[in-house]
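Dear colleague,

Please find below the structure I am handing over to you. My findings follow it.

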Amino acid sequence: MDYLHIALELFVGYIALFILTKILGKTQITQITAFDFISALILGELVGNALYDGKIGVKQILFAVILWGLFIFLTEYITQKVRKARHFLEGTPTIVIHKGKINYEALKKNNLDINQLQHLLRTKDVFSIRDCEYAFLESDGTISIMKKSLCQNVTREDLNIAPSPVNIPMSVVLDGKIIYDNVKLINKNESWLLNELSIHGFQDPKEVFFAEWKEGEPLFVQGYHIDHQ
């Protein structure tokens with residue numbers, strides 16, 4: 001197999017898979033862009049074929065990988081430098097719900113049916129389309145929503161409540177093992193942790209499945225068996 005043939009197959013595969021992902025729609029490649037999806041498929045094929053095809057040597061594999069890397073670099077370069085190319089190569093968000101009304105044409109264009117739309121809305125804690133004012137189908141297949149004002153969560157600002165400090169919870173025991181780095185981060189030591197565990201009825205960290213510290217609150221501790229405590 002000569003280099004020209006490898007280059008031709010890669011180029012054809014690049015174009016064909018890109019068109020295929022555009023036809024299939026965004027929901028077929030959730031969490032990744034169309035180009036990322038193509039890259040994963042091609043690179044997987046390169047490695048897979050190299051493992052089972054005795055006619056392909058190291059030089060051919062390196063040539064194919066380098067060539068594919070150039071395709072990726074060129075595509076990324078174009079999207080950065082040419083604004084008009086971003087829409088075609090990376091895609092743009094699509095409004096699938098506008099002012100509480102489902103945009104049927106947008107669903108059809110992205111090969112998304114009503115059941116799939118409802119599933120995506122449920123992942124955002126929206127169980128009725130009537131609660132949604134706007135919904136955007138992102139280029140990676142996920143959905144972003146804006147609830148109607150009466151369905152939005154009330155914030156402290158809405159109630160004129162003074163803000164409180166925001167603290168990050170820290171796991172101090174995971175699967176029976178003390179996370180010493182986290183214990184140190186919260187300015188505690190092993191003796192303190194063992195004492196806290198004993199208060200919850202655990203004499204050995206190995207008995208603890210999970211323990212979490214949060215400033216201003218008692219240590220949360222759970223054993224392997226819920227009825228332990």
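**Findings on the loops, helix α6 and the surface**

Aspartate 125 lies in the loop between α6 and β3. The model is a predicted one, and all remarks here should be read accordingly. Aspartate 125 has a positive phi of about 65° although it is not a glycine. With a relative accessible area of 55%, aspartate 125 is exposed, because the cut-off for that class is over 50%.

Lysine 99 is another non-glycine residue with a positive phi, here about 55°. It belongs to the loop between β1 and β2. Its relative accessibility is 54%, so lysine 99 counts as exposed.

Helix α6 spans residues 114-122, and its buried residues are Leu117, Leu120 and Leu121. These residues cover an arc of only 100° around the axis and are therefore on the same side of α6. They pack against β1 (94-98), β2 (101-102), α5 (104-109), β3 (132-137) and β4 (143-147).

On the surface, a nonpolar patch is formed by Val154, Leu159 and Ile161, which together have about 290 Å² of accessible area. Of these, isoleucine 161 is found in the loop between β4 and β5 (170-174). Isoleucine 161 counts as partly exposed because its relative accessibility is 39%.

With kind regards

How values were computed
Residues numbered from 1 in each chain as written. Predicted model: local features only at pLDDT ≥ 70, side-chain atom pairs only at ≥ 80, totals over all residues. Heavy atoms only, no water. Buried < 20%, exposed > 50% of the residue type's maximum accessible area, 1.4 Å probe, protein only. Helix = DSSP H or I, 4+ residues; strand = E, 2+ residues; numbered from the N terminus. Arc of directions from axis to C-beta. Contact = heavy atoms within 4.5 Å. Patch = residues over 30% accessible without salt bridge, like charges linked within 9 Å, V, L, I, M, F, W, Y side chains within 5 Å. Areas by Shrake-Rupley, 256 points an atom, 1.4 Å probe, with all protein chains shown as cover. Salt bridge = Lys/Arg side-chain N within 4 Å of Asp/Glu carboxyl O.
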